Amino acid sequence: MSAILEVRDLRTEFRSEAGTAQAVDGISLLVGRGETLALVGESGCGKSMTGLSLLRIVPKPYGHIVGGEIRLDGRDLLKLPEAAMRQVRGNEVAMIFQEPMTSLNPVFTIGNQIVEAIQTHRDVGKAEARRLTVELLDQVGIPDAGRRLDDYPHRLSGGMRQRAMIAMAISCKPKLLIADEPTTALDVTVQAQILALLRRLQDELEMGMILITHDLAVVAETASRVAVMYAGRIVENGTVREVLRHPRHPYTQGLLQATPHARKAGGTRRKLAEITGLVPSLYDMPPGCAFAPRCPKAQAVCRSTVPTLAVGGGNVACHFPG
Amino acid sequence: MYRVIRIVRRRLLQMIPVVLGIVVFNFALLHLAPGDAVDVMAGEAGASNAEYVAQLRQQYGLDKPLPVQLGNYLWHVVQLDLGYSYRHNRPVLGLILERLPATLSLMLTALSLSILLGVGLGVLAAWRVRTATDTVISIFALLSYATPTFWIGLMFILLFGVTLGWLPTTGMESVGAGYKGLDRVVDIGRHMLLPAVTLALFYMAIYTRLMRASMLEVYGLDYVRTAQAKGLAGGKIAFKHVLRNALLPVVTVAGLQVGSLLGGSVLVETVFGWPGLGRLAYDAVFQRDFNTLLGILLLCSIVVVLANLVVDMLYAVLDPRIEYQ
């Protein structure tokens, strides 16, 4: 497996009057060609900020990428000038977002917005770009693509809009697709369709994919490897099989216990466990392990020393991995 | 296109009761104020007696009960007859139509100036948010907003007319110069510059602040992030994706303010001696020349209602989500 994306020690800060928050605090990731990496965690743990950092579009003026490396096919994106970075966005690395309702500009037709994406990166005429757009809409399963092209986003359902977003994202055949909670805002039945679509496109285009989600069922269904994030750091990573079957970090264990499972016929009802407490504020992080205040196994060392992945033997950032 | 025509037709029909309502309201309002044209005339004559006054009133139809006067007036208005100004000794309609071009050109120039400058400065401030440029623009807008219009007008006259002598300060054309063609346009333009800028500054300030806030709000929306993720350049994002959405509130407010812009022109026309409706209205108030005043008010209300129609059309063009059933 050759890695197309290699992230090392990425750090993104938010600076405001309230102080400085480490939204992404030294994250390292590896994504192979055609592979799906799931980035999992609660809201506010830095998953989305990691995605935006990879494209260098963290919200200004507060967000700043302050360190690390983002290597795409060996080239460090953080060292590129802005103009060259624009050539990467939407072209080599594309991104889709959680809210298909608001992610498309309401005053332009979806055709217009996809044509714009194509013409930004490919030297093709308007007619050719439109033809390609119809093909793309067809490819993502939008019926009657030739006519849908000239519809405004408010005429499409949520699922159709997310398909249009996906068509836009794959319009330049990116090497890597970052999907930030792509199914969270959709109905369950539509969720399954969109995930199937993403898997199919990934095979066809041999894209690497980073799937940002809080839904472990989606992870199990879609990803091959998973990285669990907590408060801006990765606390556990490994293959989906390992991590979901034998979670070693107390946070991952808690997440799994908090996920409802369908009861097997004749099985016993299992009580849904919750992780007590709240994610600490990024402006007011405890010293030591960020999870310690909520962790049932926390000892004195947890409250004083930040555990690295190396502490837990390479895959888990915990002083006392299970 | 058929859709648009149908909307316009329906809106024009809706205008009729609105405008008639405004006429009745204005009529009642004006007659609440004490005094009429005859009082003023009698006062100006210096020597008059009660019989002469009564005779004048009878002559002008001012002795009839108010409802009858109103009925007469409405009956004439429906026939596009705005009555007779006893002050100017000529029909009101002719009087108004003569002054209308001066006011409309001043108003439209001021409106265009305020929108262009306001939108431009607002976009610039939002683009350079939290920089020195933003601060300078915001202070400029605040000053323009807070300074009384008549004072700005007087200071402009003092600075550009008296001290520097660059621009004429009164009237619409150089009297007796007899300019023709392009020279005349330039001459009128030079006369218009100070009153138009004076009138525009206040509205420009509003649009600047509105546009800045609106741009910043739209900048935070999801589809702007999508545009960034597509690899678009900053200028393309600002001028294609943000600007068009951010313009909507400015269009709304500008449409609403056409009325107050007309009101503001009264002041500016008085300060700069601009021969428009504003001056005519101002004089009509003091002369109790109700027919003229009612005519001007009626015309202004028609302009305002038409402006609202234009705004609605513009809205439908700018925002495809608006569909009229």
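Keep in mind that the whole thing is a predicted model.

**Where the chains meet**

Let's start with the contact between the two chains. Chain A puts 24 residues into it, and chain B puts in 19 residues. On the chain A side, the elements that give two or more residues are helix H2 (82-88), strand S6 (93-96) and helix H3 (110-121). H3(A) has the largest share of that side, with 4 residues.

**Strands in chain A**

Next, the strands. S1(A) and strand S4 (residues 63-72) of chain A run antiparallel and are joined by 8 bridges. If you want a spot to look at, find A:Phe14, whose bridge partner in S4(A) is A:Gly63.

S4(A) also pairs with strand S5 (residues 75-76) of chain A, again in the antiparallel sense, over 2 bridges. Here A:Arg71 stands opposite A:Asp76 in S5(A). S4(A) and S5(A) make a hairpin with 2 residues between them, and A:Asp73 sits in that turn.

**Positive phi angles**

Most residues other than glycine have a negative phi. The residues below go the other way.

| Residue | Phi | Location |
|---|---|---|
| A:Asp9 | about 50° | strand S1 (residues 3-16) of chain A |
| A:Asp73 | about 50° | turn of the hairpin of S4(A) and S5(A) |

Are A:Asp9 and B:Arg130 buried or exposed? A:Asp9 counts as exposed because it has 11 C-beta neighbours inside 10 Å. B:Arg130 counts as exposed too, because it has 10 C-beta neighbours inside 10 Å. The cut-off for exposed is 12 or fewer.

**A helix pair in chain B**

Over in chain B, helix H9 (residues 222-230) packs against helix H10 (residues 234-272). What are the angle and the distance between their axes? The angle is about 145°, and the axes are 10 Å apart. H9(B) passes H10(B) in a right-handed crossing.

As for who touches whom, H9(B) brings B:Tyr223, B:Val224, B:Ala227 and B:Gln228, which meet B:Ile237, B:His241 and B:Val242 of H10(B). The residues of this contact divide into 5 nonpolar and 2 polar, with no charged ones.

Note on methods:
Residues are numbered from 1 along each chain as its sequence is written. Chains are lettered from A and ligands numbered from 1 in the order in which they are written. This is a predicted model: local features need pLDDT of at least 70, side-chain atom pairs count only at pLDDT 80 or more; totals for chains, interfaces and linings use all residues. Two residues are in contact if their C-beta atoms, placed from the backbone, lie within 7 Å. A residue is buried if 20 or more other C-beta atoms lie within 10 Å of its own, exposed if 12 or fewer, and partly exposed in between; C-beta atoms are placed from the backbone. Two strands pair if DSSP finds at least two bridges between them. Axes are lines fitted to C-alpha atoms, for helices over the stretch in contact, and angles run from 0 to 180 degrees between N-to-C directions. A crossing is left-handed if the near helix is turned anticlockwise from the far one by less than a right angle, and right-handed if clockwise. Ala, Val, Leu, Ile, Met, Phe, Trp, Tyr, Cys and Pro count as nonpolar, Asp, Glu, Lys and Arg as charged, and the others, Gly among them, as polar.
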